[in-house]
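Subject: A structure for you to look at

Hi there,

Have a look at it first, then read on.

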Amino acid sequence: TVKETLSSHLKETLDQELKNQEGVIQKLKRAHKLYKAEKRGARPKPWMADISIPVARKISDTIFVRIHDMVWNKLRIYIMKARGIGTKEINEKIQIWEKAFNHYVMNDLHLKEKMIFPTRQAVNSGTGVAKVVYETKNKTIYRYASDEDKLDTTVKKYRVPGTKDTVVKEPSIVFRGPNVYPIDRARWVISSDALTIEDAYLCGFSFDRRKSQLDVFASKKIYDEEAVNKLTTTKAGEMTEARATSAGQTLDKTTYTEPYTLYELWLRYDVDGDGEEDDIVVTFHRESGEILKAIYNPIFYGYRPFADMKGASQVEYTYDGEGVCEIIECMAEELDSLHNLMLDRMKLVNLPIMFARKDIGLDNYELEPGKIKTIDDDPSTAIFIVPQPDITFSIVNEVNWLITQMEQACGITQLSLGISTAERPVAKETLMVGDEGNKKFKSWTERARAFYNEIGYK
């Protein structure tokens with residue numbers, strides 16, 4: 001059947017794409033460790049220092065807070081204008097629409113808060129993704145039954161314990177309109193040969209659902225009830241087991257645990273076999289191969305309800321951008337190595353290596369400040385301290401040079417931080433130097449604005 005063929009194709013394609021992006025997942029993990037300044041581990045000796053300097057956090061936060069401030073500190077985030085020369089009446093209407101849309105974006109949609117996560121991930125790891133949806137949110141309220149409700153037999157009524165009153169359950173719409181949801185890059189999947197979302201053969205994301213949620217969607221006919229039952233059934237019935245036993249066969253039982261990880265996939269696939277690809281949206285459970293929902297693109301052919309933001313640096317012919325953590329990774333490792341070497345040297349100076357004659361009472365003895373230990377020998381002849389010169393090396397120049405290189409690689413200059421480069425700066429020279437020196441930092445904000453614009457259009 002078409003369903004079985006599509007399920008097999010989705011499972012094969014999705015497995016391959018998830019395998020292709022394993023390197024991206026590893027990159028995200030490394031970026032997380034670098035930003036959190038977690039210990040690198042794998043030191044040759046247990047006593048050696050394992051310190052990570054949070055320079056990635058410093059640079060990433062510097063870029064992120066400035067992007068957020070440049071975009072969201074305005075009274076109007078989105079500006080609307082008439083195409084061509086509009087009349088006075090049209091311009092006045094557009095101003096009203098503009099004010100209403102910006103109020104909706106900031107106060108109802110809370111877009112500023114929702115954009116924190118994808119923007120942060122784009123700066124840190126190179127790519128941030130968000131989805132635009134049109135949705136309806138309901139809530140259920142209970143109210144006392146009116147006289148009309150009491151007479152209407154089609155209205156289900158509930159008795160209030162201890163009273164003669166009855167109540168009815170009434171669903172109420174809380175929200176209806178466009179909404180935006182950030183998507184974790186680790187949960188985002190896209191064709192490995194695609195450079196943009198619009199060019200991708202397949203793109204989508206994974207999300208979790210509990211059994212109770214799946215049952216609700218199945219009862220509302222949003223998900224296929226048969227597929228939901230196959231997915232959420234934890235064991236075979238007694239009749240099925242009996243038939244398998246009588247036939248001498250072993251029943252293969254697979255249990256999928258909560259929460260169930262589903263994929264919402266937007267792809268092009270020839271459903272009816274006419275030689276032309278159809279644009280479809282599928283809700284798919286990868287492990288079981290069950291298709292819970294499959295529809296044609298509800299908007300128009302080629303439309304994808306996703307927007308992405310890339311880092312300021314991007315390797316040619318790849319989908320993902322490069323974030324701060326990837327750009328400075330090798331230099332951050334060198335910086336950590338220098339600090340650890342300096343700490344190891346100080347430890348050798350403060351805790352020198354000593355040799356002691358056997359059986360004088362120092363077996364398994366640990367040095368502690370102010371501790372007195374009696375020995376059965378002359379310390380001047382029974383104990384030998386390996387001489388260590390009381391000298392430590394300075395790493396100030398190397399550290400400053402590394403940090404400067406990391407900041408410049410990410411587009412951070414003194415001018416972008418508001419620091420003047422001259423004792424008596426001339427306005428013309430300052431503007432010229434700032435314009436030239438901040439081009440890379442400016443590309444961060446331009447990509448962020450393009451990201452927010454795309455969300456606004458959709």
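Below is what I found in it, going from the whole chain to particular residues.

Two points before the details. This is a predicted model, in which local features need pLDDT of at least 70 and side-chain atom pairs count only at pLDDT 80 or more, while totals for chains, interfaces and linings use all residues. Residues are numbered from 1 along each chain as its sequence is written, and side-chain values use heavy atoms, with hydrogens and water left out.

**The whole chain**

The chain has 16 helices and 11 strands; these are DSSP runs numbered from the N terminus (helices are H or I with at least four residues, strands are E with at least two). Of its 458 residues, 34% are buried. Here buried means under 20% relative accessible area, exposed means over 50%, and partly exposed is in between (1.4 Å probe, protein chains only). The accessible surface is about 28900 Å², and carbon and sulfur atoms account for 54% of that; the areas come from the Shrake-Rupley method with a 1.4 Å probe, and for residues only the protein chains shown count as cover. If you take the contacts (heavy atoms within 4.5 Å) between residues at least 6 apart in sequence, 69% of them join residues at least 24 apart.

**Helix α2**

Val24, Lys27, Leu28, Ala31, Leu34 and Tyr35 are buried in α2. They cover an arc of only 130 degrees around the axis, so they sit on the same side of α2; the arc is that of the directions from the helix axis to the C-beta atoms. Among the elements covering these buried residues are α3 (55-72) and α12 (329-350). Just after α2, alanine 37 has a positive phi of about 55 degrees.

**Around helix α12**

Two neighbours in sequence are worth a look here. Arginine 345 lies in α12 and is buried, at 16% relative accessible area. Leaving aside residues up to four places away in sequence, arginine 345 touches Gln388, Pro389, Ile391, Thr392 and Phe393. Methionine 346 is also found in α12, but at 36% relative accessibility it counts as partly exposed. Leucine 351, in the loop between α12 and β10 (354-356), is exposed at 55%.

**Salt bridges**

There are 24 salt bridges in the structure, each being a side-chain nitrogen of Lys or Arg within 4 Å of a carboxyl oxygen of Asp or Glu. One of them pairs arginine 143 with aspartate 149 (2.9 Å, N to O); arginine 143 is partly exposed at 29%, whereas aspartate 149 is buried at 10%. Another links aspartate 215 to lysine 211, with the closest N and O atoms 3.1 Å apart. Because these two are four residues apart in helix α8 (residues 211-219), about one helical turn separates them. Glutamate 446 and lysine 442 form a further salt bridge, at 2.3 Å between the closest N and O atoms, and they too are four residues apart, in helix α16 (residues 439-457).

Enjoy exploring it!

Best wishes
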